[in-house]
Amino acid sequence: MLPPLKPIPIKERMSVVFVEKGEIDVIDGAFVVVDQQGFRVRPILTHIPVGGVACIMLEPGTLVSHRAAALAARVGTLLVWVGEAGVRLYSSGQPGGARADRLLYQARLALDESLRLKVVRKMYALRFGEEPPERRSVEQLRGIEGARVRRTYQMLAQRVGIQWKGRDYNPDSWDASDVPNRCLSSATSCLYGVTEAAVLAAGYAPAVGFIHTGKPLSFVYDVADIYKFDTVVPVAFKIAASNPPNPERAVRLACRDVFRQSRLLERIIPDIEEILGAAGIAPPEAPEDAVPPALPNAPGIGDAGHRS
């Protein structure tokens with residue numbers, strides 16, 4: 001009998017893989033994409049090292065077997081069902097999930113206004129490389145951030161020589177956007193995918209945000225924004241300037257390269273701990289009268305939120 005699978009830490013994985021128009025299954029214990037290529041011809045198998053991938057984006061035309069979904073869950077790989085070009089999130093499978101202690105810790109920080117402000121200030125400092133102005137509320141910091149973001153978009157667009165008319169994205173009418181906006185949407189979807197995988201692996205809840213709120217991925221947006229202008233935005237604008245025949249695919253490949261070059265997956269979980277630690281309180285201990293697990297959890301090599 002084979003030993004149980006143990007998740008690989010996020011920092012040691014490849015970032016993201018996109019799958020379109022194929023059937024994902026498990027054959028001989030391996031995670032594969034079966035491309036039927038027409039009418040019941042001999043299938044072509046593409047092997048995916050699922051345990052070494054942080055996130056797999058499933059585009060329209062993709063079928064996933066029960067065995068494949070179960071294998072992805074056991075090895076801690078996030079499956080995300082998305083629309084064409086990787087935008088419009090429909091659903092995601094949860095490979096790790098929020099641990100009770102970390103979920104309570106995150107919720108306490110988000111619900112206490114003074115603690116929340118400390119967390120937001122730390123996010124601002126990491127994103128812009130400087131301390132935010134003193135005696136500012138979260139709303140005021142959000143306004144300052146928005147102005148800086150608009151200026152940064154304009155500056156990066158001018159640097160590569162493209163015309164930037166502002167962020168304009170309608171998920172219901174993908175082709176209505178210009179090429180820079182389409183490239184930017186594809187790039188940010190890659191960033192959100194790997195960030196959600198890291199948030200879950202760390203044991204936190206994607207929906208409990210500090211700047212963003214009301215969305216299933218509010219905390220993911222909070223964390224991803226820290227890296228956006230150092231990684232995917234310059235890539236998106238550079239691809240848009242070259243005007244390739246398939247800009248969305250070019251953006252994905254370029255994002256995967258920049259994630260590896262910037263060692264992004266090594267940074268996200270430590271940065272999350274640093275961000276939340278800025279509030280100055282420790283995660284809660286379990287109540288003394290709580291019932292411990294009947295079967296103790298076996299030590300694993302994965303991250304805190306991974307299910308061994």
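Good morning, colleagues. The structure is a predicted model, in which local features need pLDDT of at least 70 and side-chain atom pairs count only at pLDDT 80 or more, while totals for chains, interfaces and linings use all residues. Residues are numbered from 1 along each chain as its sequence is written, and side-chain values use heavy atoms, with hydrogens and water left out.

I begin with the chain as a whole. Its secondary structure comes to nine helices and eight strands; helices (H or I, at least four residues) and strands (E, at least two) are DSSP runs, numbered from the N terminus. The radius of gyration is 20 Å, close to the 19 Å that the globule rule gives for 308 residues, so the chain is as compact as a globular protein of that length. Here the radius is taken over C-alpha atoms, and the globule rule is 2.2 Å times the number of residues to the power 0.38. Along the principal axes, the C-alpha atoms fill a box of roughly 65 × 60 × 30 Å.

Of the 308 residues, 47% count as buried; buried means under 20% relative accessible area, exposed over 50%, and partly exposed in between, with a 1.4 Å probe and protein chains only. The accessible surface of the chain comes to about 16200 Å², of which 53% belongs to carbon and sulfur atoms. Those areas come from the Shrake-Rupley method with a 1.4 Å probe, and for residues only the protein chains shown count as cover. Among contacts between residues at least 6 apart in sequence, 64% join residues at least 24 apart, where contact means heavy atoms within 4.5 Å.

I turn now to the sheets. As a reminder, strands of a sheet pair through backbone hydrogen bonds, either parallel or antiparallel. In this account, two strands pair if DSSP finds at least two bridges between them.

Which strands pair in the parallel sense? β2 and β6 do so, over three bridges, and within that pair I24 stands opposite V64. By contrast, β2 and β3 pair in the antiparallel sense over five bridges, with V34 as the bridge partner of E23. Their hairpin has two residues between the strands, and D28 there takes a positive phi near 55 degrees. Strand β3 (residues 30-35) also pairs with β4 in the antiparallel sense over four bridges, and V33 stands opposite T46.

Strand β7 (residues 78-82) runs antiparallel to β8 and is joined to β8 by three bridges, one of which pairs V80 with S92.

The largest nonpolar core has 67 residues, of which F210, F219, F259 and L276 touch the most other members. Such a core is a set of buried Ala, Val, Leu, Ile, Met, Phe, Trp, Tyr and Cys residues joined through side-chain atoms within 4.5 Å. Helix α5 (residues 179-202) supplies the largest share of this core, twelve residues. Leaving aside neighbours within four places in sequence, F259 is in contact with S15, C190, L191, V194, V232 and L264. A second, separate core of 16 residues includes F31, I48, V53 and V75.

Beyond neighbours within four places in sequence, R121 is in contact with P132, P133, E134 and L141. Q261 lies in helix α8 (residues 247-261) and is exposed, with a relative accessible area of 61%. The C-alpha atoms of Q261 and R136, 125 residues apart along the chain, are separated by 35 Å.

Thank you for your attention.
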